[in-house]
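Reader: Hi! Could you walk me through this one?
Author: Happy to, here it is.

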Amino acid sequence: MAFTGNYMPTSFKVGLLNGVFSFTPGTGDGYYIALYTNSATFDATTSAYTATNEVTGTGYTAGGNLLTVSASVPAPLSPFTASTTAYINFSDTTWTTATITARGALIYKNSTLTIGGASVVKPVIAILDFGSDKSSSASNFTIQFPAIGSGPIGSTAILRIA
Amino acid sequence: MITQTVTTSFKYDCYTAQQNLSTDTLKMALYTAAANLNAGTTAYAAVNEVSSTNYTAGGQTLTGVTVSISGTTVYLSFNNPSWNNVSFTCRGALIYNSSKSNKSVAVLNFGSDKTVSNATFTVILPANTATNALIRS
């Protein structure tokens with residue numbers, strides 16, 4: 001039982017083609033990030049948020065933090081853009097004065113969606129493996145998302161379709 | 001020039017919940033080599049579309065459109081579209097969503113001009129499998 005890498009859930013891929021995930025800033029779609037211990041077992045088949053093996057500790061509330069979709073979602077792409085990548089970026093998020101240890105995270109949408117004809121509660125869009133346990137002791141615990149990249153733009157964003 | 005690609009605007013639409021390929025109507029339109037279709041193509045246009053008896057501008061509705069899963073790969077299946085008793089020369093095609101303001105999905109380049117004269121023209125799409133399907137991730 002352990003994290004085995006980063007994954008994009010298969011159910012999320014289906015949801016993209018079903019047109020059920022909107023990342024447009026300000027549309028009210030709430031995406032959260034929850035933290036987990038290395039006892040968690042997630043892979044591409046993980047489709048929904050779970051509280052099992054979620055971290056506990058001072059400064060952390062079950063369900064995690066609400067993420068902010070940053071304003072870098074590309075506009076509908078003028079023919080002059082050099083990039084053919086659609087990407088999503090989130091602002092870094094911090095748990096303050098936290099005493100926690102986490103090995104990875106789930107990013108999920110805090111709603112119920114119909115994906116591939118099935119109802120999914122709090123569908124997961126990404127599984128992050130931090131590579132090793134990360135700890136904080138009465139201090140800030142911050143998730144730093146990768147830069148979106150510039151060669152081409154969006155090439156290193158956390159979520160992207162190239 | 002026709003460049004085969006999934007259009008960038010379709011990728012954007014995936015992240016903004018604008019197309020549902022399980023329920024929307026997809027169409028395929030055919031074009032001559034004079035067409036300018038590429039990743040920046042955002043919607044169907046009739047410019048440089050083929051013309052012929054028995055070919056209607058806008059092309060035809062794709063059937064058998066299904067979002068399928070194999071392992072961790074998600075792909076889109078289509079039936080091969082055919083036009084009966086047509087005469088034209090075409091070089092490529094645009095798959096677009098007629099349910100959503102004719103937004104583009106993908107551009108196909110046939111590699112060379114394909115000519116038909118008073119016969120059936122069929123676009124044979126790649127096999128509907130996780131490793132061959134036209135649109136997959």
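Author: One definition before we start: two strands count as paired if DSSP finds at least two bridges between them. Also, this is a predicted model.

Reader: Thanks! In what order do the strands of the open sheet in chain B come?
Author: The order is E4-E5-E8, three strands in chain B with antiparallel pairing. Strand E4 (66-70) and strand E8 (135-136) of chain B are at the edges; each has a single partner strand, so one side of each has no neighbour in the sheet.

Reader: How many bridges link E4(B) and E5(B)?
Author: Five bridges, in the antiparallel sense, with strand E5 covering residues 73-77 of chain B. Within that pair, Ile69(B) sits opposite Val74(B) of E5(B).

Reader: And what lies across E4 and E5 of chain B?
Author: That is helix H1 of chain A, residues 10-18, which runs at about 170 degrees to E4(B).

Reader: Nice, on to the interface then. How much area do chain A and chain B bury between them?
Author: About 2100 Å², of which 68% is on carbon and sulfur atoms.

Reader: What about salt bridges and polar contacts between the chains?
Author: There are zero salt bridges between chain A and chain B, but ten residue pairs are in polar contact.

Reader: Last one: what ipTM does the predictor give the complex?
Author: The ipTM is 0.89, and the pTM is 0.91. For chain B, the mean pLDDT is 95, with 100% of its residues at 70 or more.

Methods
Residues are numbered from 1 along each chain as its sequence is written. Chains are lettered from A and ligands numbered from 1 in the order in which they are written. This is a predicted model: local features need pLDDT of at least 70, side-chain atom pairs count only at pLDDT 80 or more; totals for chains, interfaces and linings use all residues. Side-chain values use heavy atoms; hydrogens and water are left out. Helices (H or I, at least four residues) and strands (E, at least two) are DSSP runs, numbered from the N terminus. Contact means heavy atoms within 4.5 Å. Axes are lines fitted to C-alpha atoms, for helices over the stretch in contact, and angles run from 0 to 180 degrees between N-to-C directions. pLDDT is the predictor's confidence in each residue, from 0 to 100. Buried area is the accessible area (1.4 Å probe) that two parts lose on being put together, summed over both. A salt bridge is a side-chain nitrogen of Lys or Arg within 4 Å of a carboxyl oxygen of Asp or Glu. A polar contact is a pair of N or O atoms within 3.5 Å; within protein, one must be able to donate a hydrogen and the other to accept it, and residues adjacent in sequence count only if both atoms are side-chain atoms.
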